[in-house]
Amino acid sequence: MKKTLLFVTICLIVLNASAQSSKQIFESPKMKDAIKTHKTVAILPFIVSITYKKPPKGFDYAANKEQELKLGKSIQSSMYTYLLRKGSDYTVDFQDVEKTNVLLKKYKLADSLDSHTKDEVAKLLGVDAVIYGSYAQESTKSEAGAIVTTALFGFGGKTGDGSIIMQIANGSDGETIWRYTKRMNESLWTSTDDVIEKQMRKISRNFPYTK
């Protein structure tokens with residue numbers, strides 16, 4: 001029994017390490033020249049997808065959609081808070097997300113961002129670039145199952161797999177000049193603040209606006 005538990009524990013550690021290492025960063029050849037002209041950058045609400053390997057009993061599509069929109073704005077807010085807190089480390093200012101969202105609503109872009117080019121959006125927001133992205137989460141285990149796993153092994157309160165993509169588009173032409181992709185495990189108690197904090201720490205050296 002002890003050997004079996006040890007084997008399972010080792011497998012979980014290896015799998016977790018493998019998942020944590022899957023990150024990719026793309027930098028456009030135009031990036032360095034482009035960011036020299038950037039003074040103000042807006043952060044857009046993230047596009048979020050929440051799916052279930054096995055949909056829970058009484059699954060409500062409308063409620064799930066509402067949760068996706070709420071989480072998208074929560075990620076936007078968490079990123080702004082992090083960047084604002086570390087403001088002295090960056091070469092640009094970041095537009096207040098409340099102002100960003102008011103302008104998106106004013107110009108009827110809030111529900112149709114994917115129907116507009118990023119240079120159109122940047123022009124209406126009055127910024128030099130926009131940070132945008134997506135977050136996908138697939139729940140693979142119930143919260144009860146995650147709690148049991150954590151109690152047994154002291155870690156691994158994982159309820160699903162997730163991936164986050166962060167991108168920066170140049171405001172003058174809408175071209176993507178930087179892209180970060182990361183797969184990760186979602187723990188039972190992970191908040192958007194925790195997700196963004198961890199990801200921004202990982203990319204701090206590669207974030208284009210770091211001094």
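Modeller: Residues are numbered from 1 along each chain as its sequence is written. In this predicted model local features need pLDDT of at least 70, side-chain atom pairs count only at pLDDT 80 or more, totals for chains, interfaces and linings use all residues, and side-chain values use heavy atoms, with hydrogens and water left out.

Colleague: What is the mean pLDDT of the chain, and where does pLDDT stay under 50?

Modeller: The mean is 81, and 77% of the residues reach 70 or more, pLDDT being the predictor's confidence in each residue, from 0 to 100. It stays under 50 over residues 2-21, which have 15 contacts beyond four places in sequence, and over residues 142-157, which have 29 such contacts. Contact means heavy atoms within 4.5 Å.

Colleague: Why is Val92 called buried?

Modeller: Its relative accessible area is 5%, and buried means under 20%, exposed over 50% and partly exposed in between (1.4 Å probe, protein chains only); therefore Val92 is buried. Val92 lies in the loop between α3 and β4 (93-94). Beyond its neighbours within four places in sequence, Val92 contacts His38, Lys39, Val41 and Tyr209.

Colleague: What makes Lys65 partly exposed?

Modeller: Lys65 has a relative accessible area of 40%, which falls between the 20% and 50% limits, so the term is partly exposed. Lys65 is in helix α3 (residues 61-85); helices are DSSP runs (H or I, at least four residues), strands likewise (E, at least two), numbered from the N terminus.

Colleague: Why is α3 called oblique to α4?

Modeller: The axes of α3 and helix α4 (residues 97-106) come within 10 Å and cross at roughly 140°. Axes are lines fitted to C-alpha atoms, for helices over the stretch in contact, and angles run from 0 to 180 degrees between N-to-C directions. Under 35 degrees counts as roughly parallel, over 145 as roughly antiparallel, 65 to 115 as roughly perpendicular and the rest as oblique, so α3 is oblique to α4.

Colleague: Which residues of α3 and α4 meet?

Modeller: Gln76, Ser77 and Tyr80 in α3 meet Val97, Thr100 and Asn101 in α4.

Colleague: How many residues are in the largest nonpolar core, and which element gives the most?

Modeller: The largest nonpolar core has 34 residues, and Leu83, Met166, Met200 and Phe207 have the most contacts inside it. Such a core is a set of buried Ala, Val, Leu, Ile, Met, Phe, Trp, Tyr and Cys residues joined through side-chain atoms within 4.5 Å. α3 gives the most to this core, with six residues.
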